[in-house]
Amino acid sequence: MIKEQYFTKIVNSLSTGVALQDRNLQVLYCNEKAYTTIGLTESQLLGKTPYDPDWQCIHEDGSPFLGEDRPSVRALKEGVPIRDVIMGVMKPDKTFTWVSVNSEPIYETNTAMPDYVVTSFVDITPLKNKERALKESNEELERFAYVASHDLQEPLRKINTFLSLFISKNEKNIDEKGMTFLSKVTDSTHRMNNLINDLLEFSRSNNIKGKLEDVDCNAKINYIRDSYNLSPNDRKVIIHSEDLPMVKGYKTQLLALFQNMINNGIKYNQSEVAEIRIKCQKREKDYLFSIQDNGIGMEEEDFQKIFLPFHRLHGRSEYAGSGIGLATCKKIVEKHNGEIWLTSKVGEGTTFFFTLPVD
Ligand code: ADP
């Protein structure tokens, strides 16, 4: 049997805080790491319960973590281990320590209710601080991308207007070479316009606001199919789709998601008839959508890269585009708490998969 003095040394050497509470949730024992993490002395922590008014905790979104929701209280009430709960614990200096908490019930007697609860917690404050700094810098970058692309529209509009005016007024006096130069300038301004619009669309997908709505995926696909059928197109396109579900999401974003994937399946495609097959399978926690094409496919080493902004596998002379579409799709899916990935073989086509949560 291990001697008690060794046991105390072992527990005090842990980098994890440990506390034992009785049935009344009073702290009976805690190791050194427990009280140093929370910023209290041992005597201040002993005897406390989660209902103590000056033991304030918060959730990650900043809302109060009420006594009855705390892991030790739930472990005692529910009689099962409660794991990986993130809590912000207010220290006496009013700053918060972030901890990841596990609470386990202990049954000493043969009763339905546990006799004790042992709680262990790891200080994750440095990790949380880095996460916050990263979030802030991402938000700043997103704001920058939005403002930059938004403000670039105005001078570009002016360039386009004056360029068309200049051409229409001087058409007769400009020689063939001059016209070729001017048409190259016009092409470049159109391309820049498309880039700016795509960049704006990408920034907007970072910043989706508003409420989740019921979105009828069949209606979105029908809309895209109709717009293909109506627009003059030199190639034959068939969009097959199964009966798709109603999902909770952001309408405009989900339409953009389907549109980007279908457009790509048609664009990166040299088959005589471009065929797109859209399916959906309901799983336990999510819907798994697949969008398959009979296009040119790609190498496995490119599967991750294509989701990066501006990353393209082909030159503009082969296929037009700005390389923002899939980065936008990834953002949209992630904003819906889903995942996106693909399988593909060169010459055999590509299937994109993404998940959306079941309501
Ligand atoms: P864009 O189409 O404007 O280039 P995307 O972000 O939509 O931008 O796509 C990035 C790159 O991924 C494309 O340039 C293309 O090389 C490749 N790609 C996307 N979809 C497909 C597809 N269905 N089949 C083959 N290649 C694809």
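## Burial and overall form

In this predicted model, 39% of the 359 residues of the protein chain count as buried. The accessible surface of the chain comes to about 21,800 Å², and 52% of that area belongs to carbon and sulfur atoms. The secondary structure consists of 9 helices and 13 strands.

The radius of gyration of the protein chain is 30 Å, whereas a compact globule of 359 residues would have a value near 21 Å. Along the principal axes, the C-alpha atoms fill a box of roughly 100 × 45 × 35 Å. Lys 177 belongs to helix 6, which covers residues 176–206, and Lys 177 is exposed because its relative accessible area of 58% is over the 50% cut-off.

## Contacts and charges

When contacts in the protein chain between residues at least 6 apart in sequence are considered, 58% of them join residues that are at least 24 apart.

The largest nonpolar core has 37 residues, and the members that touch the most other members are Ile 262, Phe 289 and Phe 354. Among the elements that give two or more residues to this core are helix 7 (217–230), helix 8 (251–267), strand 10 (273–282), strand 11 (286–293) and strand 13 (349–357). Helix 8 supplies the largest share, with 8 residues.

Phe 289 can be followed in detail: leaving aside its neighbours within four places in sequence, Phe 289 is in contact with residues including Cys 217, Leu 244, Phe 258, Cys 280, Phe 352 and Phe 354. A second, separate core holds 23 residues, among them Tyr 35, Val 85, Val 89 and Val 117.

## Helix 4 and its cover

Helix 4 spans residues 71–78, and its buried residues are Pro 71, Ser 72, Val 73, Ala 75 and Leu 76. The cover over these buried residues includes strand 1 (17–22), strand 4 (82–90), strand 5 (96–106) and strand 6 (116–123). After helix 4 comes Gly 79, which has a positive phi near 70°.

## Positive phi in two loops

Most residues other than glycine have a negative phi. Phe 310, however, has a positive phi near 70° although this residue is not a glycine. Phe 310 is placed in the loop between strand 11 and helix 9, and with a relative accessibility of 44% Phe 310 counts as partly exposed, because that value falls between the cut-offs of 20% and 50%.

Asn 337 is likewise not a glycine, and its phi is positive, at about 60°. The loop that contains Asn 337 runs between helix 9 and strand 12. Asn 337 counts as exposed because its relative accessibility is 69%, which is over 50%.

Terms used
Residues are numbered from 1 along each chain as its sequence is written. This is a predicted model: local features need pLDDT of at least 70, side-chain atom pairs count only at pLDDT 80 or more; totals for chains, interfaces and linings use all residues. Side-chain values use heavy atoms; hydrogens and water are left out. Helices (H or I, at least four residues) and strands (E, at least two) are DSSP runs, numbered from the N terminus. The radius of gyration is taken over C-alpha atoms; the globule rule is 2.2 Å times the number of residues to the power 0.38. Buried means under 20% relative accessible area, exposed over 50%, partly exposed in between (1.4 Å probe, protein chains only). Contact means heavy atoms within 4.5 Å. Accessible areas come from the Shrake-Rupley method with a 1.4 Å probe; for residues, only the protein chains shown count as cover. A nonpolar core is a set of buried Ala, Val, Leu, Ile, Met, Phe, Trp, Tyr and Cys residues joined through side-chain atoms within 4.5 Å.
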